[in-house]
Amino acid sequence: MNLEAIKSDLEASIPGCQLEIIPNPSPSAQHSLLVDAPHAFAVASLLRSYAALPFDYCSNVTGIDWPLKETSTKVKVKKLVDGVEKDVDEVVKTISGGYLEAVYHLYSMEQREGPLVLRMRTEDRAARVHLPSLTPIWRAAEFQEREIFDLYGILFDGHPDLRRLLMWDDFVDHPMRRDYVDPDDYEYEPTAHDEVLARARQHLSTEGGQ
Amino acid sequence: MSLLTESTFALNSNPSNDRGDGQLLEVSMGPQHPSTHGVFRMDVSLDGEHVVKLKPVFGYLHRNHEKIAENESYLGCMPYTDRLDYICSITNNWSYALAVETLAGIKVPERAEYLRVITGELTRLQNHACLVGFLMQDMGASGTPLMYAFREREKILDLFESLTGARMMCNYMRFGGCRVDLPAGWLQQAQKVTDAFPKFLDEFENMLVSNEILMARTQGVGVVSKELAINAGISGPMARASGVNYDLRKVDKYGIYDRFDFRVPLGDVGDVYDRYMIRLLEMRESLKILRQAMRDLPEGPIMDPGTKIRNFRPKAGEAYGRIESPKGELGFYLISDGSGNPYRFRVRPPSLINLTVLEDMCLGLNVADIVIILGSVDIVLGEVDR
């Protein structure tokens, strides 16, 4: 399977789509193809009926949370200090992440090829978390996209039945996010363990000690 | 007198065809229903006896396995995988080990690969034996067939206990090999069990394969077409019953599966009967693999000496590893950020994804058919809910 060839084929057939190959440095060498959300549905439909290599089997669909991360690295820079050139340490900050990602592992049953790893990214982690649903193309994604919506909070546009899958309907947060914090008012009865009782007491005091 | 001209005891050929006058009855089957194999619920709308809507409800056994794993070391995740599909812990271990090995490029010694095949195929035998027994139970053959199947499963669980110390939570594999080598006499015992197994299969088939009630209840019930099976990501015996020729032991040839001579049974209708027969036939193929693996088992180390399983830190990257577990395609998707615990740990649960078409299979059929259709999918709720 030649990912470069697939990429250039897709770019030729779908005008305006932005594709990027994300290299995978691990020995598995499963490189992935990043698709921009507006063209993702067209790209996926084409891959499903791709003449040379139809990716008819969507095996795994999952979400990943990449919170905003600031990494600072020290770089030596030459600067003029009092008219003399000196090496000065300067901190360079790079910002990465800040989006949610949906990953699809596609296989070709006919050609016995794969996996083709297809990725989509949301614009941010708060308000603009919409991605096109690929369930109309592969029904295998039906429950798995529901699970991503449930645990990560990505909204899949075009999904026939986007409800929570594992958590109950009244639940508000998305527990697989990296910054998720357990609520202190557990639904279940506090068991007689010191830690749980202490948290329950603390919770009551914040509510005015009812 | 014409009293006897009309037979009073003739069976109505389609007794449940009376509609309920358009009034729908909503029934919540589960979570404690005995046929749901655990805590699983279906919200069913019925028109008379007929199913017009069926929505599965999940999450009763949800413990967020994937979140727990993100705070665990790579080695510490291994025992948790036992609890996914608790009937076949060894194949869960194998799939996770394979994913880590793909992620870090670890080579597994020859003897460990053979041990994996032997224990993995024994797991498949006992899972399928369990399944056909439970399916009979769901159909109303109370007790006897299930106990016959459990008798055989017990012998295999005894083997697991003497090898790993546990009957069900085996925690047997490690990335880079297996945890312990075979104890003395184990192989002879295992050979005895596999040699006796065809007798059980013959017995089971003689009793039940051409049974009239079994055929009436299962043939043409819960049909999944080949196209739907592929599109909905159905895998394992359920996909092969629909005629999808996709067995990862043949496709990926992971481990050493290219060395064994075995065939992949395929169904052509895709109904409950086919799914039942596929399991019986797959057990015979598993026995073939077991005989070859036990014959060729080489001597040697069982762990890769270059792999430090404690404080294991793979380089940054990601990998998806999958195996043919008895339930279907069990995959693990791991992302490493170079630290000691996985950044992302995803289980691809075959039980959950095989349930995607549950509603399609049940629509228009009777309530009693739901039970056997669900039984023929082969789910374990530890894996569905994770």
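Which is W94(B), buried or exposed, and what is its relative accessible area?

Modeller: W94(B) is buried, at a relative accessible area of 1%. Buried here means under 20% relative accessible area, exposed means over 50%, and partly exposed is in between (1.4 Å probe, protein chains only). Before going on, keep in mind that this is a predicted model: local features need pLDDT of at least 70, side-chain atom pairs count only at pLDDT 80 or more, and totals for chains, interfaces and linings use all residues. Residues are numbered from 1 along each chain as its sequence is written, chains are lettered from A and ligands numbered from 1 in the order in which they are written, and side-chain values use heavy atoms, leaving out hydrogens and water.

Now the ring itself. Rings of Phe, Tyr and Trp (for Trp, the six-membered ring) pair if their centres lie within 6.5 Å; planes under 30 degrees apart are stacked, over 60 edge-to-face, and the rest tilted. That rule gives 19 aromatic pairs over all chains. In one of them, W94(B) meets Y254(B) with ring centres 5.4 Å apart and planes at 75°, so the pair is edge-to-face. W94(B) sits in helix α3 (residues 89-104) of chain B and Y254(B) in the loop between α10 (248-251) and α11 (272-296) of chain B, so the pair ties together parts that are 160 residues apart in sequence. (Helices, H or I of at least four residues, and strands, E of at least two, are DSSP runs numbered from the N terminus.) Y254(B) counts as buried too, at 6% relative accessibility.

Another edge-to-face pair is F197(B) with F200(B), at 5.3 Å centre to centre and 70° between the planes. Both of these residues lie in helix α6 of chain B, three residues apart, about one turn of the helix, and both are buried.

Two packed helices are described by the angle between their axes and the distance between the axes. Axes are lines fitted to C-alpha atoms, for helices over the stretch in contact, and angles run from 0 to 180 degrees between N-to-C directions. Angles under 35 degrees count as roughly parallel, over 145 as roughly antiparallel, 65 to 115 as roughly perpendicular and the rest as oblique.

Take α4(B) first: helix α4 (residues 110-139) and helix α6 (residues 186-208) of chain B pack at about 25°, axes 12 Å apart, and are therefore roughly parallel. α4(B) passes α6(B) in a left-handed crossing, where left-handed means the near helix is turned anticlockwise from the far one by less than a right angle, and right-handed means clockwise. Contact, meaning heavy atoms within 4.5 Å, involves residues including L125(B) and V132(B) on α4(B), with F197(B) and F200(B) among those on α6(B). By class, this contact has eleven nonpolar, two polar and no charged residues. Ala, Val, Leu, Ile, Met, Phe, Trp, Tyr, Cys and Pro count as nonpolar, Asp, Glu, Lys and Arg as charged, and the others, Gly among them, as polar.

α11(B) packs against both of these helices. The axes of α4(B) and α11(B) come within 9 Å and cross at roughly 155°, which makes α4(B) roughly antiparallel to α11(B). This crossing of α4(B) and α11(B) is left-handed, and the contact residues split into 19 nonpolar, two polar and five charged. For α6(B) and α11(B), the axes come within 11 Å and cross at roughly 160°, so this pair is roughly antiparallel. α6(B) also passes α11(B) in a left-handed crossing. F197(B) is among the α6(B) residues there, and R284(B) and L287(B) are among those in α11(B). Here the residues divide into 13 nonpolar, two polar and five charged.

Back in α3, S95(B) is found in that helix of chain B and is buried, with a relative accessible area of 0%. Neighbours within four places in sequence aside, S95(B) touches G321(B), R322(B), I323(B), L330(B), G331(B) and F332(B). F332(B) belongs to a cluster linked by ring pairs, together with Y74(B), Y96(B), F175(B), F312(B) and F345(B).

For contrast, Q189(B) in helix α6 of chain B is partly exposed, at 38% relative accessibility.
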